[in-house]
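Hi,

Here is the model I promised to pass on.

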Amino acid sequence: MAARAGRRLHVLARTVGGDRGSFTAELAAGLPALLLLLLVGLTAVNAVSAQAGCLHAAREAALAAARGADGSAEGGRAAPPGATVSVSVDGDRVQATVRAPVRTLGGRLPRITVVATAVAAVEPGAHEGSW
């Protein structure tokens, strides 16, 4: 009986010893993929945040221009850093577009540009040509 138990222990030790280092190998293979997934997720959150800021700035610019104020200046105050604001008038409508670059978290990757557009009706009595 003791010989049989010793043989089981020897077989068990050989089985456990054969997997030695497999966790390290799996971690070495999986860690870069996990890090890449984290960087992509953080870049996506950054892009969505910039998109929301662009939309807010486009709304402000369109409403200001519809009232007869300087829409580009109003939109520029609300826009994310590095954004460009353009306002155009087509008849009784004002269209404001805001474009902002989003830096990817990998330094060597190209920047992403997010764009938001808002449209507003020109209010009666707004000064012509002050956009």
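**The sheet and what packs on it**

Strands S2 and S3 pair in the antiparallel sense, with 10 bridges between them; pairing here requires that DSSP find at least two bridges between two strands. Strands (E, at least two residues) and helices (H or I, at least four) are DSSP runs, numbered from the N terminus. Before the rest, the ground rules: this is a predicted model, so local features need pLDDT of at least 70 and side-chain atom pairs count only at pLDDT 80 or more, while totals for chains, interfaces and linings use all residues. Residues are numbered from 1 along each chain as its sequence is written, and side-chain values use heavy atoms, with hydrogens and water left out.

The hairpin of S1 and S2 has 2 residues between the strands, and Gly-91 takes a positive phi near 70° in it.

Put together, that makes an open sheet of 3 strands in the order S1-S2-S3, with antiparallel pairing. Its edge strands are S1 (84–90) and S3 (112–121), each of which pairs on one side only. From one strand to the next the twist averages 15°. Helix H2 (residues 22–67) packs on the sheet and touches S1, S2 and S3, its direction making about 25° with that of S3. For those angles, axes are lines fitted to C-alpha atoms (for helices, over the stretch in contact), and values run from 0 to 180 degrees between N-to-C directions. Contact means heavy atoms within 4.5 Å.

**The chain as a whole**

There are 3 helices and 3 strands, and from the N terminus on the elements run α-α-α-β-β-β. Of the contacts with a separation of 6 or more, 52% are between residues 24 or more positions apart. Buried residues make up 23% of the 131 in the chain; buried is under 20% relative accessible area, exposed is over 50%, and partly exposed is in between (1.4 Å probe, protein chains only). The accessible surface comes to about 9200 Å², and carbon and sulfur atoms hold 60% of that. Those areas are from the Shrake-Rupley method with a 1.4 Å probe, and for residues only the protein chains shown count as cover.

**The core**

The largest nonpolar core has 20 residues, of which Cys-54, Ala-62, Val-94, Val-98, Val-102 and Val-114 touch the most other members. Such a core is a set of buried Ala, Val, Leu, Ile, Met, Phe, Trp, Tyr and Cys residues joined through side-chain atoms within 4.5 Å. H2, S2 and S3 are the elements that give two or more residues to it, and H2 gives the most, with 9 residues. Leaving out residues up to four places away in sequence, Cys-54 touches Pro-80, Val-98, Arg-99, Ala-100, Val-114 and Ala-116.

- Thr-43 sits in helix H2 and counts as buried, because its relative accessibility is 10%. Beyond residues up to four places away in sequence, Thr-43 touches Thr-104, Leu-105 and Ile-112.
- Thr-97 is in strand S2, and a relative accessible area of 13% makes Thr-97 buried too. Setting aside neighbours within four places in sequence, Thr-97 is in contact with Thr-84, Val-85, Ser-86, Val-115, Ala-116 and Thr-117.
- Ala-65 belongs to helix H2 and is buried, at 0% relative accessibility. The C-alpha atoms of Ala-65 and Val-87 are separated by 7.7 Å, with the two residues 22 apart along the chain.

Cheers
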